[in-house]
Amino acid sequence: MNRLTADPMLSDPKAQTILESAWQAFSAYGFRKTSMDDIARGAGMSRPAVYLHFRNKEAIFTALVEAYYRQAREDIRAALEGEGSLADRVARAFAAHGGATMEAMMSSAHGLELFEAGVSVAPEAIEAGEAALAGAYAEWLQKRDLPEAVGTAAEVAQVFCAALKGIKHTAPDYPTYRMRVSQLAALMARALEGPK
């Protein structure tokens, strides 16, 4: 199973299979046109078997959103605590913020619909996930001596997340998204280094 849907919080391999199938169906057909039958067929299961794990496709989509945020938080922490220069670590963390999910969504013909579905179907999961990502940045920033002009660790973490969200919503395609995320990482790392 790919890292997009693999979720260590789900110990049930059948639930993992359902999530993988759902992601493939949502990418191929969009959220609205994907049916529980599509998901069940892709998972090699009956529809009643899928319902034993998830009550509806909204619950499946929410589980995918939660899995994305758990993986992104883990990847951000690993990038920030890893080896390399400050600029390299921030660049890896910002790339991990979107991760494989961002590439998949921006490459799908149904990417915009999937973004919109997240807002309408899983707003609580998104809010909690965004807070968790900001928390990962803030925890790391609290260990650093920040230049006075940039604000507190929590404030800088919120700026990181807001800027990355802005790039996500304005980039016309994935290559542009990646370029802008790289530029933002370089700017933020430079700001964190303070005056020379």
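Me: Why does Arg73 count as partly exposed?
Reply: Arg73 has 25% relative accessibility. Buried means under 20% relative accessible area, exposed over 50%, and partly exposed in between (1.4 Å probe, protein chains only), so Arg73 counts as partly exposed. This is a predicted model, where local features need pLDDT of at least 70, side-chain atom pairs count only at pLDDT 80 or more, and totals for chains, interfaces and linings use all residues. Residues are numbered from 1 along each chain as its sequence is written, and side-chain values use heavy atoms, with hydrogens and water left out.

Me: What makes Glu139 and Arg73 a salt bridge?
Reply: Their closest N and O atoms are 3.4 Å apart. A salt bridge is a side-chain nitrogen of Lys or Arg within 4 Å of a carboxyl oxygen of Asp or Glu, so the pair qualifies. Arg73, Arg77 and Glu139 are linked in a network of such bridges.

Me: Why is α4 called roughly antiparallel to α5?
Reply: The axes of helix α4 (residues 57-81) and helix α5 (residues 86-107) cross at roughly 165°. Angles under 35 degrees count as roughly parallel, over 145 as roughly antiparallel, 65 to 115 as roughly perpendicular and the rest as oblique, so α4 is roughly antiparallel to α5.

How values were computed:
Axes fitted to C-alpha atoms, helices over the stretch in contact; angles between N-to-C directions. Helix = DSSP H or I, 4+ residues; strand = E, 2+ residues; numbered from the N terminus.
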